[in-house]
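Subject: Structure for you to look at

Hello,

Here is the structure I said I would pass on. Please open it beside this message, and my notes follow below.

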Amino acid sequence: MNIPDQKTFDVEFINETKLEVLPGQTLLDASLQAGIDHNHACGGQAKCSTCRILVRRGAEMLDPPTEAVITLAARLKFPPESRLAGRAQARGGR
């Protein structure tokens with residue numbers, strides 16, 4: 001998925017594959033496009049947490065969590081490195 005003139009970010013899903021993510025693309029969309037069977041019951045609306053991931057490195061390359069994600073994470077007591085793939089977008093312009 002390499003589009004000329006757009007920087008991509010490499011994301012490695014442990015025990016799966018390494019893939020490219022475009023700025024503004026969610027990690028859920030990128031994983032589904034790469035053929036990874038990634039659970040996402042609410043369709044990335046930050047309501048169910050089935051797309052939850054642990055970000056081991058590179059969290060600074062993702063947009064900050066939204067209020068909906070922060071609220072859900074607090075309610076479900078997620079560890080700080082948890083993110084929802086349906087709401088975690090790669091930052092552009094770096």
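The largest nonpolar core has 22 residues, and those touching the most other members are Leu19, Val21, Leu27, Leu84 and Ala85. At least two residues of this core come from each of strand 1 (9-12), strand 2 (18-21), helix 1 (27-33) and helix 2 (67-76). Please keep in mind that this is a predicted model.

Leaving aside neighbours within four places in sequence, leucine 27 is in contact with Val11, Phe13, Val21, Ile53, Leu62, Ala85 and Ala88.

The largest pocket has a volume of about 680 Å³. Its lining is made of 20 residues, and Val11, Glu12, Leu54, Arg56 and Arg57 are the closest to the centre. Strand 1 and strand 3 are the elements that give two or more residues to this lining, with the largest share, four residues, coming from strand 1. By class, twelve lining residues are nonpolar, two are polar and six are charged.

Two backbone angles are also worth a look. Serine 49 is not a glycine, yet its phi is positive, near 75°. Serine 49 sits in the loop between helix 1 and strand 3 (52-54). Its relative accessible area is 13%, so serine 49 counts as buried, the limit being under 20%. Lysine 77 also has a positive phi, about 55°, without being a glycine. Lysine 77 is found in the loop between helix 2 and strand 4 (82-84). Its relative accessibility is 70%, so lysine 77 counts as exposed, for which the limit is over 50%.

Regards

Definitions and conventions
Residues numbered from 1 in each chain as written. Predicted model: local features only at pLDDT ≥ 70, side-chain atom pairs only at ≥ 80, totals over all residues. Heavy atoms only, no water. Core = buried A, V, L, I, M, F, W, Y, C linked by side-chain atoms within 4.5 Å. Buried < 20%, exposed > 50% of the residue type's maximum accessible area, 1.4 Å probe, protein only. Contact = heavy atoms within 4.5 Å. 1 Å grid on protein atoms, 1.4 Å probe; cavity = no way out; pocket = protein on both sides within 12 Å on 5 of 7 lines; lining within 4 Å. Points joined across faces, edges and corners; volume = space filled by probe spheres on them. Nonpolar A, V, L, I, M, F, W, Y, C, P; charged D, E, K, R; others polar.
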